[in-house]
Amino acid sequence: MEFSTPSCEFQRLNRDLLSDTLARLDGSSMAAASCACSDFRHVAQDQRLWQQLCHSTWPSTAMEEAQRLISSSPLVGFNKFYADSYPLVLPYGNQACPGISTSAWPSDFVSLIDIYYKKKCILSKVVDGIPEASDVYNDKSYNCDETSNDHQMWFSNCPFKLDALIFESRKAATGDDDHTTAAAAAAINRNVEERKWRGDFCNVLKDDLRLSWVLFDKKKGKAVNLSSWKPLLVQRSWHSGMDYMLRFGSIVSMDAHLAECVILVRCMLTERGKPVLWREISMTIEDMAGEPLNGRNSLMVLNRALHCLRSKNHLQVEEGYHRFEREKKEIKKKKEHWEALADRLCISIEIAVFIIFAYACTTFF
């Protein structure tokens with residue numbers, strides 16, 4: 001008895017129709033569909049589909065500067081960029097990578113930043129390199145004299161901070177140069193008008209505002225999303241009811257310790273119809289004691305983050321962050337305890353010295 005060879009029904013469809021069908025899917029669904037049959041697999045390998053998906057997911061990748069930087073890198077394809085950037089860094093997801101080079105240059109990194117409100121992108125920025133270190137590391141004609149060494153030592157030893165708005169005035173940073181959409185800004189401020197007397201806009205920002213900070217290595221062609229996607233903390237300024245501070249971030253597992261990438265967003269909500277005033281969009285790196293790391297160690301953390309384990313389970317990532325916060329509080333408590341003991345010991349020694357000195361004065365004089 002002979003059996004007919006099963007064939008895929010999608011083989012009867014036109015390739016353009018298959019491509020149009022896959023273009024309507026997200027990255028995970030497209031990857032799953034490519035496993036259904038050979039026709040889907042061949043269509044899903046089209047980098048134009050993945051490029052279009054990356055542009056819709058992270059509008060910053062569609063900016064001219066980002067396309068120039070990405071195209072000049074050894075990136076295998078936009079499907080690789082999506083696979084690296086879509087999942088979040090998994091806390092405590094240490095991965096043995098013996099071949100990782102611990103050295104990195106500030107000019108190797110590109111930051112692709114996108115802020116969303118109710119799933120609509122309201123801000124996109126591209127930061128090439130690290131602004132504070134560009135004078136020393138990025139200029140090949142820069143002479144290695146005493147001044148350059150001073151600048152290099154300053155960056156290497158001072159607390160690290162990558163400010164996305166450092167090259168422009170805060171006033172100019174609110175206009176069209178930042179690709180802030182007026183419709184989304186109006187939607188935010190419309191909610192402000194509706195809720196400002198109830199004082200619950202912190203919850204609105206925590207529920208509806210999202211941030212993506214993709215760090216891309218131009219030399220290695222690797223990327224990682226350093227944001228927690230959802231705000232980890234939202235605070236309202238006490239002196240102005242319309243100023244808010246939002247904290248995002250991720251936990252990077254090093255060999256023997258953990259480091260936290262802290263992303264701060266400070267904004268001021270204005271009147272209805274006017275754009276949001278972005279006061280600060282920056283990233284710093286701290287250790288488990290909450291102390292900021294210097295430039296040299298921060299570059300090592302950023303380089304290691306490119307090789308960390310990732311997860312699409314945002315709940316798992318959030319639980320790992322809460323575990324990190326608990327451990328950090330315990331470390332701070334122990335540090336404060338030992339500092340208090342050291343203070344008491346110093347005071348006791350000072351009192352003892354004073355008593356001995358007073359006794360000696362009364363005895364011999």
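Trainee: Is K119 buried or exposed?
Mentor: K119 counts as exposed, because its relative accessibility is 84%. Buried means under 20% relative accessible area, exposed over 50%, and partly exposed in between, with a 1.4 Å probe and protein chains only. Before we go on: this is a predicted model, where local features need pLDDT of at least 70, side-chain atom pairs count only at pLDDT 80 or more, and totals for chains, interfaces and linings use all residues. Residues are numbered from 1 along each chain as its sequence is written, and side-chain values use heavy atoms, with hydrogens and water left out.

Trainee: Where does K119 sit, and what is its phi near?
Mentor: K119 is in the loop between β2 and β3, and its phi is near 70 degrees, a positive value in a residue other than glycine. Most residues other than glycine have a negative phi. Helices here are DSSP runs of H or I with at least four residues, strands are E runs with at least two, and both are numbered from the N terminus.

Trainee: What about W229, which loop is that in?
Mentor: W229 is in the loop between β6 (222–225) and β7 (233–236). Its phi is near 70 degrees, also positive. W229 counts as partly exposed because its relative accessible area is 26%.

Trainee: Switching topic: how many residues are in the largest nonpolar core?
Mentor: There are 49, and Y244, L246, W278, I281 and M283 have the most contacts inside it. Such a core is a set of buried Ala, Val, Leu, Ile, Met, Phe, Trp, Tyr and Cys residues joined through side-chain atoms within 4.5 Å.

Trainee: Which elements give two or more residues to it?
Mentor: Among them are β8 (243–253), β10 (277–286) and α11 (295–305). The largest share, 5 residues, comes from β9.

Trainee: And what does M283 touch, away from its sequence neighbours?
Mentor: Leaving aside neighbours within four places in sequence, M283 is in contact (heavy atoms within 4.5 Å) with residues including F160, W213, I263 and L302. A second, separate core has 29 residues, including F216 and A223.

Trainee: Okay, S85: buried or exposed?
Mentor: S85 is buried, because its relative accessible area is 0%. S85 lies in helix α6 (residues 78–85). Beyond four places in sequence, S85 is in contact with W58, V214, A223 and N225.

Trainee: How many helices and strands in the chain?
Mentor: 12 helices and 11 strands. Of the 365 residues, 45% count as buried.
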